[in-house]
Amino acid sequence: MAQSHPRGRFRFLRVATAGIISLYIGLTAYEHQESLIRALISPAVRLLPAKTSSNLALLACKYRLFPASKYKDNVNLNSSFFGRHISNPIGLAAGFDRNGEAVHGLKDLGFGFIEIGSVTPLAQKASPRPRVFRLSDDRAIINRNSIDSDGHQAVVQRLRRLRETDGFDAVVGVNLEHNLSSRTPISDYMSGVKTFGPVADYLVVNYSNAKGKRHSTSSKKQLIELLEAVNTARSQLRPNRYGKVPILLKLSPDMTLDEMKDVASVISMSTCQVDGLIVANATMVHKNVSGSRWLREKGALSGEPLRQRSTAMIAQMYQLINNSVPIIGVGGVSSGHDAFEKIEAGASYVQIYTAFVYEGPELVERIKSELSMCIAEMGYENIREVVGSNYQQYLPVRATGSK
Ligand SMILES: Cc1cc2nc3c(=O)[nH]c(=O)nc-3n(C[C@H](O)[C@H](O)[C@H](O)COP(=O)(O)O)c2cc1C
């Protein structure tokens with residue numbers, strides 16, 4: 001019989017002991033997943049560089065590592081969203097889950113609705129690093145990330161698979177963008193409507209980012225062409241189980257008053273209708289940030305420095321469109337009070353992004369419980385009564401002219 005060498009036996013013992021310890025840690029971690037996630041992933045999400053932490057959080061959502069929220073939404077948060085019931089009006093803004101990889105895990109966190117994208121027709125790579133900067137003192141992010149997208153086909157297949165999952169009932173919107181290299185951006189949006197119309201709960205025409213449109217002052221004609229085209233594309237779709245898919249238009253916070261008036265007049269045309277507005281994307285104007293270094297860094301600024309500007313724009317658009325379609329308010333929301341302000345200014349729903357990257361998943365429950373308290377303290381029964389109830393207070397003070 002072959003005799004085992006003492007060094008071999010020792011090695012075997014070491015491997016076996018390490019295996020048993022790992023198994024023990026693994027099982028304990030699995031059983032106490034909640035506390036492990038809270039102890040490790042949540043702080044890491046707060047401390048790591050912006051892009052890394054949002055990638056980590058996305059990964060954790062993709063594999064559903066965050067424990068599902070047990071928070072029961074108060075009835076005063078219940079609302080309807082283009083014909084669907086939602087238990088709360090807090091959604092995730094576009095850009096976090098661009099490719100629709102983590103929708104189930106994000107739903108677990110308690111969002112009322114989730115927007116994926118922006119998605120481009122063809123797969124598109126991200127811009128070179130560094131592209132996302134965390135401005136911790138200002139609770140803000142600067143990003144100059146061109147849209148990295150897996151492309152329509154990969155994303156729509158993911159969404160179809162989700163729809164086939166038993167019990168999956170999340171409200172999921174798809175934010176559409178054209179390819180950077182596209183010579184026909186309008187057909188890119190049309191292709192997005194045709195591809196995602198049958199599987200999305202709503203679609204977003206990301207007008208805020210579209211090439212050359214952020215600062216364009218002669219954009220009215222372009223906007224008419226774009227909205228006529230997407231309406232034509234939608235009219236060719238068969239209605240889904242909730243009717244025709246709603247189309248929303250996402251705006252830049254850098255629009256002048258005249259541009260906002262153009263939007264209001266265009267969307268009132270019968271051929272250019274949209275079902276809602278998203279106000280607003282990140283801003284190219286680097287105001288309200290503390291470090292002068294950031295004033296020079298190119299890219300779109302989001303988070304706290306954007307908050308008031310976006311709330312003022314919500315109030316302005318609410319007034320201009322005369323409450324004809326609902327507004328999703330987004331920009332710098334990090335508390336229930338911030339969300340309440342957006343709703344008082346005219347938003348029916350609120351989205352978050354930057355604060356979520358800073359604070360991690362617990363933010364969703366906190367915002368909801370604070371918002372619910374605000375509603376009750378102010379003597380309202382339901383969030384719907386708050387919409388636009390105080391919009392005049394948030395209108396921007398303008399000296400002269402229309403800028
Ligand atoms: C890193 C990053 C990526 C984003 N990507 C997109 C995008 O692909 N499409 C889009 O419409 N908005 C995108 N946004 C804008 C957000 O959806 C949101 O409108 C903006 O950040 C303001 O909200 P916040 O202050 O809560 O972040 C992005 C924002 C950030 C910070």
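Is tyrosine 318 buried or exposed, and what is its relative accessibility? Tyrosine 318 is buried, at 11% relative accessibility (buried means under 20% relative accessible area, exposed over 50% and partly exposed in between, with a 1.4 Å probe and protein chains only).

This is a predicted model, in which local features need pLDDT of at least 70, side-chain atom pairs count only at pLDDT 80 or more, and totals for chains, interfaces and linings use all residues. Residues are numbered from 1 along each chain as its sequence is written, and side-chain values use heavy atoms, leaving out hydrogens and water.

**View 1. Tyrosine 318 with tyrosine 391, an aromatic pair.** The whole structure holds twelve aromatic pairs (ring centres of Phe, Tyr or Trp, the latter by its six-membered ring, within 6.5 Å; planes under 30 degrees apart are stacked, over 60 edge-to-face, the rest tilted). Here the rings are tilted, 5.2 Å centre to centre with 55° between the planes. Tyrosine 318 belongs to helix H10 (residues 307–320) and tyrosine 391 to helix H15 (residues 391–394), so the pair links parts of the chain 73 residues apart (helices are DSSP runs of H or I, at least four residues, numbered from the N terminus). Tyrosine 391 is buried too, at 18%.

**View 2. Phenylalanine 340 with tyrosine 380, a tilted pair.** Their centres are 6.5 Å apart, with 50° between the planes. Phenylalanine 340 is buried, at 4% relative accessible area, whereas tyrosine 380 is partly exposed at 24%.

**View 3. A cluster of rings.** Ring pairs join Phe81, Phe82, Phe113, Tyr202 and Tyr349.

Terms used:
Helix = DSSP H or I, 4+ residues; strand = E, 2+ residues; numbered from the N terminus.
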